[in-house]
2 protein chains.
Amino acid sequence: MADQRRPLTLRDVSEASGVSEMTVSRVLRNRGDVSPATRERVLDAAKSLGYVPNKIAGALASQRVNLVGVIIPSLSNMVFPEVLEAISAVLEDTGLQPVFGVTGYRAEKEETVIYEMLSWRPSGLIVAGLEHSDAARAMLGNAGVPVVEIMDVDGPVIDTAVGISHARAGRMMAEAILAAGYRRIGFLGTRMAGDHRARKRLEGFRSALADAGVEVQDKEFYEGGSSLAKGREMTAAMLARSPDLDFLYYSNDMIGAGGLLYCLEQGIDIPGRMGLAGFNDVDLLDGLPMRLATMDACRFEIGRQAAAIVAGRHPEGIIGGEIVALTPRLNPGDTIR
Amino acid sequence: MADQRRPLTLRDVSEASGVSEMTVSRVLRNRGDVSPATRERVLDAAKSLGYVPNKIAGALASQRVNLVGVIIPSLSNMVFPEVLEAISAVLEDTGLQPVFGVTGYRAEKEETVIYEMLSWRPSGLIVAGLEHSDAARAMLGNAGVPVVEIMDVDGPVIDTAVGISHARAGRMMAEAILAAGYRRIGFLGTRMAGDHRARKRLEGFRSALADAGVEVQDKEFYEGGSSLAKGREMTAAMLARSPDLDFLYYSNDMIGAGGLLYCLEQGIDIPGRMGLAGFNDVDLLDGLPMRLATMDACRFEIGRQAAAIVAGRHPEGIIGGEIVALTPRLNPGDTIR
DNA sequence: TTGAAAGCGCTAACAT
DNA sequence: ATGTTAGCGCTTTCAA
């Protein structure tokens, strides 16, 4: 517990306990056979010195690193913290530790983050999305460790992917909307070049509408700011411009919730006169005056399975090198008639 | 770009470029003098091989690690992602990289996370809160690197702290409520033993009320679930039990928002018949029918300053070993008369 | 401007 | 059950 500037080493513990460095190392890692007496002496010495092992040296010597890199676009999206939570929970008792990196939806930043992560030689990598720069793809392909791409399955996969088809999610929502008899449909979403999943949902959505001879009648995009407030503003603007719309499809639940609050305030009959839907099925909605129709992105399950694959604890029959396509679940809530 | 199992080393690049390992190392780190011709040859070789430096070896040799450990209680709290964002932004151009660890508000888990982090010999540590186990406190005290405790300043500090006084925040809110003439006050919060800041706010709140001879008339606590929904339920329960309350103080904005929505639906006159207030000043509120009174926890500023201190770029006159107490700002919104 | 040698703190592999 | 030796892949330091 004495304060020192030079960090303590195994050698210090070795000297303090009168045992070889190797034996100290064994005790500290619970490896091999060590007599209880020796064990206790070592532990006492380590504790009273305040020794913290140097994993850098350990990793270099053993060629093993208990880190798993997790690369996501954003922390403010509300979706990713939940994926992280699921990943953390699974890794908790595997001896692996997640390390998070954030890309801000920028491919070039993603490339940097991947490079940085790989330079620490992690045991595995979990990366959100399938779209990467060529260089990033090359690095991931040659990483020599499990690489799991999560969230999305619509596109070429490097090694293993766990996610949903966002095109299909968009299609399913379109079909539900059409089946409910809505025809004059508006779309409200983010203007974010890097958000490929939102783009794919919109594409799937439009293509299913097109199959029924229906077109999206109005669109509105936003960037930045409070999603709830933006949802309000965008909805007000769109309804002012296109008052005869009978359905509004939002690219996420937060702006959808803003739209819902606006419509309710305006006294618009939901879901009779107009229907609404979002995406993600976030808990948040539980407390709103009405439950917004939405679609579950399976983010807990995605986190769980991705972590299990990286940890080598593959859920039922999955062994890596595969695509695990989860099924998005439609939650009709109260805003589709 | 050839695929290999054994990760590439400096030696591979050295052989491919016909230059010594040392020179390759210099090129890759932009250190020392290297002729442009050599430089280019090395860069070409590294790129075409797909070489990724091994930071583990580099860190061991140089005794320098560009990692900053950031330890927070939770990712789902909405507050911490913002602090992380601010930290990331500041570290972005310092060559330092944040590594996040989550404690789940459990002191014992925090101890483990600190130990793990320190075993990677980071350049600094940012830890949320002032309450730690004795062992954790000892580790932090002997870490030999900058340790910044954030969010809170009410208590003993290990090295440097950046935060607000939550006791004072609670007191300020009580004073504002009393000044507005409310007297029959209820409190709604989390039942979380590890959330010391919420506890301190409540203590400050009650003590300021007590100074005016006022007592909290009813209390309700929750755990888990959607905060918005819980805010609703708790509010409904409390008003059923104590119908004559004229103010509800919530320990965070999310449950406050749930309560607000409930009250509005019930047709309760806000802020006339009853006032409401939360804590955190989250953006979310912008889109609600009324803006909830709240208090800014200065989380961006906290993240910024903490990162600057760890990075050695101390903002105006702060040099570490100090307590930076930021001033919480009351945002009266529309729910205090 | 470039290279050679030594060693960072630990662990694998092999003694004893 | 414990100790010894030889690296892990880099960077520091010194030499050329």
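UniProt positions are given here in the numbering of this model, with feature names shortened, and such annotations may be inferred rather than shown by experiment. With that in mind, the UniProt record, an unreviewed entry, puts the feature "domain: HTH lacI-type" at residues 8–62 of chain A. Helices (H or I, at least four residues) and strands (E, at least two) are DSSP runs, numbered from the N terminus.

A few ground rules apply. This is a predicted model, in which local features need pLDDT of at least 70 and side-chain atom pairs count only at pLDDT 80 or more, while totals for chains, interfaces and linings use all residues. Residues are numbered from 1 along each chain as its sequence is written, chains are lettered from A and ligands numbered from 1 in the order in which they are written, and side-chain values use heavy atoms, with hydrogens and water left out.

Helix packing comes first. Two packed helices are described by the angle between their axes and the distance between the axes. The axes are lines fitted to C-alpha atoms, for helices over the stretch in contact, and the angles run from 0 to 180 degrees between N-to-C directions. In chain A, helix H1 (residues 10–17) and helix H3 (residues 36–49) have axes that come within 9 Å and cross at roughly 120°. That angle makes H1(A) oblique to H3(A); angles under 35 degrees count as roughly parallel, over 145 as roughly antiparallel, 65 to 115 as roughly perpendicular and the rest as oblique. The crossing of H1(A) and H3(A) is right-handed, a label used if the near helix is turned clockwise from the far one by less than a right angle, with anticlockwise being left-handed. On the H1(A) side, A:Asp12, A:Val13, A:Ala16 and A:Ser17 meet A:Arg41, A:Val42, A:Ala45, A:Ala46 and A:Leu49 of H3(A), where contact means heavy atoms within 4.5 Å. Sorted by class, the residues of this contact come out as 6 nonpolar, 1 polar and 2 charged. Here Ala, Val, Leu, Ile, Met, Phe, Trp, Tyr, Cys and Pro count as nonpolar, Asp, Glu, Lys and Arg as charged, and the others, Gly among them, as polar.

Chain B has its own H1 and H3 pair: helix H1 (residues 10–17) and helix H3 (residues 36–49) pack at an angle of about 120°, with axes 9 Å apart. H1(B) is therefore oblique to H3(B), and their crossing is right-handed. B:Asp12, B:Val13, B:Ala16 and B:Ser17 of H1(B) make the contact with B:Arg41, B:Val42, B:Ala45, B:Ala46 and B:Leu49 of H3(B).

Further along chain B, helix H8 (residues 166–179) and helix H9 (residues 196–211) have axes that come within 6 Å and cross at roughly 40°. H8(B) and H9(B) are thus oblique to each other, and the crossing is right-handed. Among the residues that meet are B:Gly170, B:Met173 and B:Ala174 in H8(B), and B:Gly204, B:Phe205 and B:Ala208 in H9(B). The whole contact has 8 nonpolar, 4 polar and 5 charged residues.

A:Gln63 is in the loop between helix H4 (55–62) and strand S1 (67–72) of chain A, and has a positive phi of about 60° although it is not a glycine. With a relative accessible area of 63%, A:Gln63 is exposed (buried means under 20% relative accessible area, exposed over 50%, partly exposed in between, with a 1.4 Å probe and protein chains only). B:Gln63, in the loop between H4 (55–62) and S1 (67–72) of chain B, has a positive phi near 60° and counts as exposed at 62% relative accessibility.

Cis peptide bonds also turn up. The bond from A:Ile270 to A:Pro271 is cis, with omega near 0°, and A:Pro271 lies in the loop between helix H11 (253–265) and S9 of chain A. In chain B, a cis peptide bond joins B:Ile270 and B:Pro271, with omega about 5°.

A:Asn280 is found in the loop between strand S9 (275–277) and strand S10 (294–296) of chain A, and at 8% relative accessibility counts as buried. Leaving aside neighbours within four places in sequence, the contacts of A:Asn280 include A:Asn77, A:Asp253 and A:Arg299. A:Arg168, in helix H8 (residues 166–179) of chain A, is partly exposed, with a relative accessible area of 35%.
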